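Subject: Structure handover

Hello,

Here is the structure for your set.

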Amino acid sequence: MKPIFTTLALFGLTMGLSAQDATPIDSLQGKKVVLDEVFVSAVRVNKGTPITFSNFKKEEFASRNLGQDIPVLMNFLPSVVTTSDAGAGVGYTGIRVRGSDATRVNVTINGVPYNDAESHGTFWVNMPDFASSTESLQLQRGVGTSTNGAGAFGASLNLLTDAISEEAYGQISSSVGSFNTLRNNLKFSTGLLRGQVEVSGRLSRITSDGYVDRASSELDSYFLQGAYKQDNTLLKVLLFGGHEITYQAWNGITAEQLASNRTYNPSGMYTDDDGLVRFHDKEEDNYKQDHAQLLWNEKWSGSWSTNIALHYTRGRGYFEQFKEDDDFATYGLEPFTVDGNEVNTTDLIRRRWLDNDFYGTVFSANYAADRWDLILGGGYNQYEGAHFGEVIWARLAPTNSTRDRYYDEDSKKTDLNLYAKAHYKLHRKWRLYGDLQYRTVGYRADGNDTGLVDDTFNFFNPKAGATFDLNPNNNLYLSYAIANREPNRNDYENGSPRPERLQDVELGWRYVSPSVQLNTNAYYMGYKDQLVLTGELNDVGAPLRANVGDSYRLGLEIDAQIKFGDKFQWRSNLALSTNKNRDFFFQRNGTLERLGNTNIAYSPGIVAGNQITYFPVEALQLSFLSKYVGKQYMGNIDSEVSVLKAYSQSDFNIQYVLEIGTFMERITFSGMINNIFDQDIVSNGYFFTFDDFSDTGVITTVEGAGYYPQAGTNFLLGATVRF
């Protein structure tokens, strides 16, 4: 296979990377290199880098991996807030980091961009049970290091999929829980055949009724991997994807409904011919997404190594809605007359489709020798998306117009980025870090909602910092970074957006010993034209954003892990922050008001996580987990109507491993009791204002809010049999 690799190199395709992940043993210099980590080392950092981050490995979340989405498993990481539309962590879930929503968190899988190119969102429901094929993840808070895809404005999250298994195995997992939740998966690996080739895979199915009425989920997914390694070559081919069918639960409920019927779901509601309230049984999303990745790492010498990834993602699907008494004009239908009366509205069922392709390459090269560690890399990616709508049934229509497309739009986005990173050991105690990235983005769209868009953005994103080693157990770091980011499709639909700019300063101290790990950092994130959430939703439940001029986030994060002998382990984190829009203006009752500095929406001033684990015997693990999220506003005008109250959640986790040692290697039993104190948690919501015009011409601004309640006490129980 060497001639093939050499030929590719001659065409300049291999700008790769080398392994440089550092897992602490008992000091900041200790390293443990895992073979597969070469695929993410260009976008990951270690404790010698002046970047704020958290690592999260498979063995740390395995006991809680019972079918809930990756954001839910990440809930106890620093500065993280998660939510679930269906209320129990299955189906649509969301994540915010330092108050920034998922559209501002850059996500990569094996270094390949995952965020949707147009919306910037990450829809984990399209890859159900993906945690079961995840080896590790790293969450970098703030701007982080240069990566592929959309710029990170709150955090970047990179995932590494399953590592090569030396030994063959088969594994069956099942879990059951509240709300008729059921998860089954099957995993296997051939082990390394002749020490060179491995084939592994997973099939999963998750179903749940959801905590919220009718918020059901039917989720199927697969993961297939072929790996080849020989001497200095590592090659992987991956195919993975999923099919989700989820009943919509994005409308939320009012304060009155929250008090009287927390599980109420207005989605799909209509009135039949007899005046009875009904719910459309197919008010649902139905979407498929398939991914293909080719990953190749080559170590050319003791100093040079390269990496290239080719990728392709195919997505297609729709969401279906019952629309009661809707206007003909919306669908291009002409009014007609019946018995002398004009008919221009009707009940109908519509489907709004997405059909898209995303493909490209990411690449990097690493040189490490003497005092230098250099990485050159980048990527080129292209997105092509079709948006169209169909009426599949209408109670009244002038002609047989069903299945005609009432809108048909195409969009295209290109994304080229190039970066250079350098670590230089200036002194036995000092290390310098520099990171320069150039990114150019082109976006074209022409739709009824977006209007004609033909924009090109050119961004320069520099980063620099230094690390000082006080001793083998302590270091200090300081970094400064600039990031720029383009608007997403919804921003164009909401007006005439401007790109946003962020300056991020991070100052931190790390302490590492065999029994204690402590990370403390302060940050200042200053924004120009930040696209903050307004609190409002569009007609398909997506959050709307708007440029707000100058704003900032200032905070302190403390993250500790302490071992008390062999029996107890304590992990705790605390994030304190102030998040402000500077000199904010708002039009109320027809008059433009200057509100001064206001709180940025969805940005709690305190977020805390805690986990106490007890190992009474080697095979048994008991954990108590708690989360506290402080008061937050769902809008930017500090209205009391927009307040999302502080809440706390406590969970209990148990795992017991029964070693068999014959044909059946072991059985692992796991259990989760979520929200054990049955708190009334509302983790998300929306806020809106509108002007009401009276007969006298007086304008009154009306405010309103909606809420997404989370489940009370609920449970998940599972067993994994490994052969």
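Overall form. This is a predicted model. The protein chain contains five helices and 40 strands. Its radius of gyration is 26 Å, close to the 27 Å given by the globule rule for 723 residues, so the chain is as compact as a globular protein of that length. The C-alpha trace spans about 85 × 60 × 55 Å along the principal axes. Of the contacts in the protein chain with a separation of 6 or more, 66% are between residues 24 or more positions apart.

Buried residues are 58% of the 723 in the protein chain.

Cores. The largest nonpolar core consists of 36 residues. Within this core, the residues with the most contacts are I70, M74, W124, F130, L139, L157 and L159. Two or more core residues come from each of these elements: helix α3 (70-73) and strands β3 (93-97), β4 (105-109), β6 (134-141), β7 (155-161), β11 (217-230) and β12 (233-247). There is also a second, separate core of 19 residues, with I253, V548, Y686 and Y708 among them.

Not counting residues up to four places away in sequence, L159 touches V40, R44, I70, V107, T108, I109, N110, W124, F130, T134, S136 and L137.

Two loop residues with positive phi. R98 is not a glycine, yet its phi is positive, at about 55°. R98 sits in the loop between β3 and β4. Its relative accessible area is 4%, so R98 is buried, the cut-off being under 20%. N180 is likewise a residue other than glycine with a positive phi, near 55°. N180 belongs to the loop between β8 (169-177) and β9 (181-189). With a relative accessible area of 57%, N180 is exposed, because the limit for that class is over 50%.

T598 is in strand β31, which covers residues 591-599. Its relative accessibility is 1%, so T598 counts as buried. Which residues does T598 contact, leaving aside its neighbours within four places in sequence? They are N579, K580, N581, F584, N636 and D638. F585 is 13 residues from T598 in sequence, and the C-alpha to C-alpha distance between F585 and T598 is 9.5 Å.

S305 is in strand β16 (residues 304-327). S305 is buried as well, with a relative accessible area of 3%. S305 and A365 are 60 residues apart along the chain, while their C-alpha atoms are separated by 6.0 Å.

Regards

Key: Residues numbered from 1 in each chain as written. Predicted model: local features only at pLDDT ≥ 70, side-chain atom pairs only at ≥ 80, totals over all residues. Heavy atoms only, no water. Core = buried A, V, L, I, M, F, W, Y, C linked by side-chain atoms within 4.5 Å. Buried < 20%, exposed > 50% of the residue type's maximum accessible area, 1.4 Å probe, protein only. Helix = DSSP H or I, 4+ residues; strand = E, 2+ residues; numbered from the N terminus. Contact = heavy atoms within 4.5 Å. Rg over C-alpha atoms; globule rule 2.2 N^0.38 Å.
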